[in-house]
Amino acid sequence: MGAPELLHHLRGAGLVLTLTPAGGLHVAPRTALTDDHRAAIRTERDALVLALQAEAEQPPPPRRSGNPLMTPEQGDECHTGGWDDAEIDAFTSSQARFTRMRRAAHADHLAERLTLRDRQHDDRRLCLECVALADNRRCLVAARGRLAGADRRLEPVPTILQRCPGFTLAPGLR
Ligand code: SF4
């Protein structure tokens with residue numbers, strides 16, 4: 001049995017193997033150790049240490065965002081590789097606008113969703129990003145009769161990604 005298999009076997013027996021700060025091997029709980037375990041650990045000690053060191057050097061899995069507007073897979077995609085400066089700036093600008101637009105409860109989640117949208121080169125937009133969305137939640141373009149087929153009292157759902165011919169990006173966003 002190689003070290004990875006032995007590690008798996010020992011963990012399956014309820015043992016926790018960790019590296020000590022000095023690079024040694026610590027096994028717990030002692031009460032779960034059988035004579036066979038002790039013999040196998042003694043024989044494979046160095047290989048087990050190397051296997052644990054290799055595990056410790058693995059990059060951490062992508063952070064799951066917990067964003068209710070995204071699936072766990074979308075959350076992973078959104079955070080893979082970390083965010084660059086442009087993404088952080090865009091997130092901060094969107095978050096600030098959504099908070100101003102009385103969407104504070106979801107500002108972070110919406111702004112994070114837009115980070116993924118931009119990573120995917122998706123050209124859809126939220127009404128929340130549009131300069132025409134008024135404080136009373138109505139669309140000013142529709143109110144002027146310039147949105148074909150729309151009622152002048154249109155109150156669009158502001159958090160749905162869509163393509164709208166009346167869209168104009170609000171100042172400060174990108
Ligand atoms: S113009 Fe279109 S994108 Fe802008 S607020 Fe009106 S419906 Fe939304």
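Begin by selecting Arg-137, which counts as partly exposed because 14 C-beta neighbours lie inside 10 Å; by definition a residue is buried if 20 or more other C-beta atoms lie within 10 Å of its own, exposed if 12 or fewer, and partly exposed in between, with the C-beta atoms placed from the backbone. Arg-137 has a positive phi of about 75° although it is not a glycine, and its place is in the loop between α5 and α6. Helices (H or I, at least four residues) and strands (E, at least two) are DSSP runs, numbered from the N terminus.

Before going further, note that this is a predicted model, in which local features need pLDDT of at least 70 and side-chain atom pairs count only at pLDDT 80 or more, while totals for chains, interfaces and linings use all residues. Residues are numbered from 1 along each chain as its sequence is written. If you colour by pLDDT, the predictor's confidence in each residue from 0 to 100, the mean for the protein is 88, and 96% of its residues reach 70 or more. Among the elements, strand β1 (residues 16-19) has the lowest mean pLDDT (83), and α6 has the highest (96).

Next, select His-121, which is in the loop between α5 and α6 and has a positive phi of about 55° although it is not a glycine. Is His-121 buried or exposed? His-121 is exposed, with 6 other C-beta atoms within 10 Å.

Now select α5 itself, whose 13 residues should span 18 Å at 1.5 Å a residue, and whose end C-alpha atoms are 19 Å apart, which agrees; the expected span is 1.5 Å times one less than the number of residues in the helix. The buried residues of α5 are Leu-110, Ala-111, Glu-112, Arg-113, Leu-114 and Thr-115, and what covers them includes α3 (72-79) and α4.

Move on to helix α4 and select Phe-91, which lies there and is partly exposed, with 17 other C-beta atoms within 10 Å. Leaving aside its neighbours within four places in sequence, Phe-91 is in contact with Ala-111, Glu-112 and Thr-115, where contact requires that the C-beta atoms, placed from the backbone, lie within 7 Å. The C-alpha atoms of Phe-91 and Arg-113, 22 residues apart along the chain, are separated by 9.3 Å.

For the core, select Leu-110, Cys-127, Leu-128, Ala-132, Leu-133 and Cys-139, which have the most contacts inside the largest nonpolar core, a set of 13 residues. Such a core consists of buried Ala, Val, Leu, Ile, Met, Phe, Trp, Tyr and Cys residues joined through C-beta atoms within 7 Å. Both α5 (107-119) and α6 (140-143) supply at least two residues of this core, and α5 gives the most, with three.

Now show the ligand, whose surrounding residues include Cys-127, Cys-130, Ala-132, Cys-139, Cys-164 and Phe-167; a residue is near the ligand if its C-beta atom, placed from the backbone, lies within 6 Å of it. How many residues of each class are in the shell around the ligand? The shell has eleven nonpolar, one polar and no charged residues.

Finally, select Ala-28 and Pro-29, which are joined by a cis peptide bond with omega of about -5°; Pro-29 is in the loop between β2 (25-28) and α2 (35-56).

Methods. Nonpolar A, V, L, I, M, F, W, Y, C, P; charged D, E, K, R; others polar. Contact = placed C-beta atoms within 7 Å.
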